[in-house]
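Me: Hi! Could you walk me through this one while I have it open?

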Amino acid sequence: MKSRGRPKKYISWPENREFTTKDIREASTESLSSGLIHIKIKEALASGEIQLVGKTSNASKGRPKNIYRKTQ
């Protein structure tokens with residue numbers, strides 16, 4: 001029987017370095033929307049797969065971005 005619905009997309013978190021959502025989008029071979037990336041990040045934070053390290057602080061360049069790291 002064929003599965004129905006949208007195909008699952010998996011995100012591989014970068015090892016041994018900090019990353020932002022922009023880094024994930026640029027490194028991915030699949031086309032990922034920003035909404036999908038944020039959903040996957042929220043799931044990974046809840047399961048303890050990744051952790052929030054901090055935020056970027058650009059004084060006058062838009063909103064700060066969250067920085068994550070894969071837990072070991």
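Reply: Happy to. One term before we start: contact means heavy atoms within 4.5 Å. Helices (H or I, at least four residues) and strands (E, at least two) are DSSP runs, numbered from the N terminus. This is a predicted model, where local features need pLDDT of at least 70, side-chain atom pairs count only at pLDDT 80 or more, and totals for chains, interfaces and linings use all residues. Residues are numbered from 1 along each chain as its sequence is written, and side-chain values use heavy atoms, with hydrogens and water left out.

Me: Great. What covers the buried residues of H2?

Reply: The cover includes helix H1 (21–27), E2 and E3. Buried means under 20% relative accessible area, exposed over 50%, and partly exposed in between (1.4 Å probe, protein chains only).

Me: And which residues of H2 are buried?

Reply: Ile37, Lys40, Ile41 and Ala44. They sit on the same side of H2, because their arc around the axis is only 105°; the arc is that of the directions from the helix axis to the C-beta atoms. On the face turned away from that buried side, H2 carries the exposed residues Lys42 and Ala46.

Me: What does Ile37 touch?

Reply: Leaving out residues up to four places away in sequence, Ile37 touches Ile11, Thr21, Ile24, Arg25 and Leu32.

Me: Switching to the sheet: what's the strand order?

Reply: E1-E3-E2, in an open sheet of three strands with antiparallel pairing. Strand E1 (18–19) and strand E2 (50–55) are at the edges with a single partner strand each, so one side of each has no neighbour in the sheet. Two strands pair if DSSP finds at least two bridges between them.

Me: How many bridges join E2 to E3?

Reply: Five, with E3 covering residues 66–70. Leu52 stands opposite Tyr68 in E3. Helix H2 (residues 34–47) packs on the sheet and touches E2 and E3, its direction making about 110° with that of E2. Axes here are lines fitted to C-alpha atoms, for helices over the stretch in contact, and angles run from 0 to 180 degrees between N-to-C directions.

Me: What happens just after H2?

Reply: Gly48 takes a positive phi of about 85° there.

Me: Last one: where is Thr20, and is it buried or exposed?

Reply: Thr20 lies in the loop between E1 and H1. Thr20 is buried, at a relative accessible area of 13%. Not counting residues up to four places away in sequence, Thr20 touches Asn66 and Ile67.
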